[in-house]
Amino acid sequence: MSSTVRSGDIIHLNVGGKRFSTSRQTLTWVPDSFFSSLLSGRISTLKDDDGAIFIDRDPSLFAPILNFLRSKELYPRSINVHMLMHEAEFYGITPLVRKLQLCDELDRSSCGNVLFNGYLPPAVYPAKRRNRHSVAGSQFMTGRAGPVERAPVRRSNTMPPNLGNSGLLGRTAAEERTSAGGSSDPGLVRIICGHHNWIAVAYAQFVVCYRMKESTGWQQVFTSPRLDCMIDRVALNAKVMGGSLGDNDKMVAVASVTEIILWSICPDGNGKEIGVFSLNVPAEALFFVGNQLIATSHTGKVGVWNAVTKHWQNQDVVPISSYDTAGSFLILGCNNGSIYYIDVQKFPLRMKDNDLLVTELYRDPTEDAITALSVYLTPKTSKMKHTGTHWDIL
């Protein structure tokens, strides 16, 4: 090619008789590819009558390759993986070859087909978070300097006493960190969770939220500050209905050992720290039920944050061995053979008693631990759940 071509020039290609136009930057972002060699002059070029660079390859297969170079996205359902992999190897597009190899492996395996395959650029390392107050029930502490006193809680009359730290889900934070190996690498993705058209990607000490739009693809909309501690759990709520934060606000939370940090995300992408809460024991599950953020531990501790009251409540229950959610209900399977439920929508009504309304739904006669739990709320049950007159146990 002529040495006068600049990096910002439009490149015209004739692939198998079909013309394509793109930028030099699009063609050359993959190093040591066919195109970087072609445009640097290391490979001789042949031009057609209009001056376009002629490439004697299949134009129908070149189109998805060019789309990948433009968007870094791949849509495996609309392609022939084997034929496209052959072309990608010819052009030296190594990232695309790797993606196609993954698609081929998954297609031949028994675990199902690829439904989504995308590329998200590495996140920028954020600034360090300023210390804020932590809340444990009605108690406050600054940072993580010392132990926190447990907030006084009164047990429900239907709730047996805590039976200790036994439980099938038990695992200490030290064991978890040991098994994580090199998870302290700040650039290593540790956890991914999704809700509606959002995903939250947790690195070692910060979390990034992305939103999918049909017109523009994945967009980075929120990055948390860099935390002092390792992130163990992530929860995302991308569709808050009727909450005091507003219908358009989103929420993301992270847990590190006993501490839980919750942010709200506005439509413009700005985030606001709602609060820092303590479960007093390591949080082993973190998730949303409606507007409520729930944290649980196998030791028999449940923490609930409510978007209406903006109140964090810790509750002692029997050691938990399994859980599930259904509608506004949190269902707990415990190691004494009982299944309990908490209607988190009724949470604000119980604040005056400093107690969550925990109700026993079922008790196994032999008191065997409930090690797995799956609940489906039928339409009939959904209509009658407010009266408490009908339950189906499957």
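Visitor: Leaving aside its neighbours within four places in sequence, which residues is L13 in contact with?
Guide: This is a predicted model, where local features need pLDDT of at least 70, side-chain atom pairs count only at pLDDT 80 or more, and totals for chains, interfaces and linings use all residues. Numbering runs from 1 along each chain as its sequence is written, and side-chain values use heavy atoms, with hydrogens and water left out. Take contact as heavy atoms within 4.5 Å. With those neighbours set aside, the partners of L13 are K18, R19, F20, L27, A52, I53, I55 and F62.

Visitor: How many residues does the largest nonpolar core have?
Guide: Such a core is a set of buried Ala, Val, Leu, Ile, Met, Phe, Trp, Tyr and Cys residues joined through side-chain atoms within 4.5 Å. L13, F35, Y91, I93 and L100 have the most contacts inside the largest one. Its residue count is 29.

Visitor: Is H298 buried or exposed?
Guide: H298 sits in the loop between β15 (292-297) and β16 (301-306); strands here are DSSP runs (E, at least two residues), numbered from the N terminus. Buried means under 20% relative accessible area, exposed over 50%, partly exposed in between (1.4 Å probe, protein chains only). Because its relative accessibility is 9%, H298 counts as buried.

Visitor: What share of the chain's residues count as buried?
Guide: The chain has 394 residues.

Note on methods:
Helices (H or I, at least four residues) and strands (E, at least two) are DSSP runs, numbered from the N terminus.
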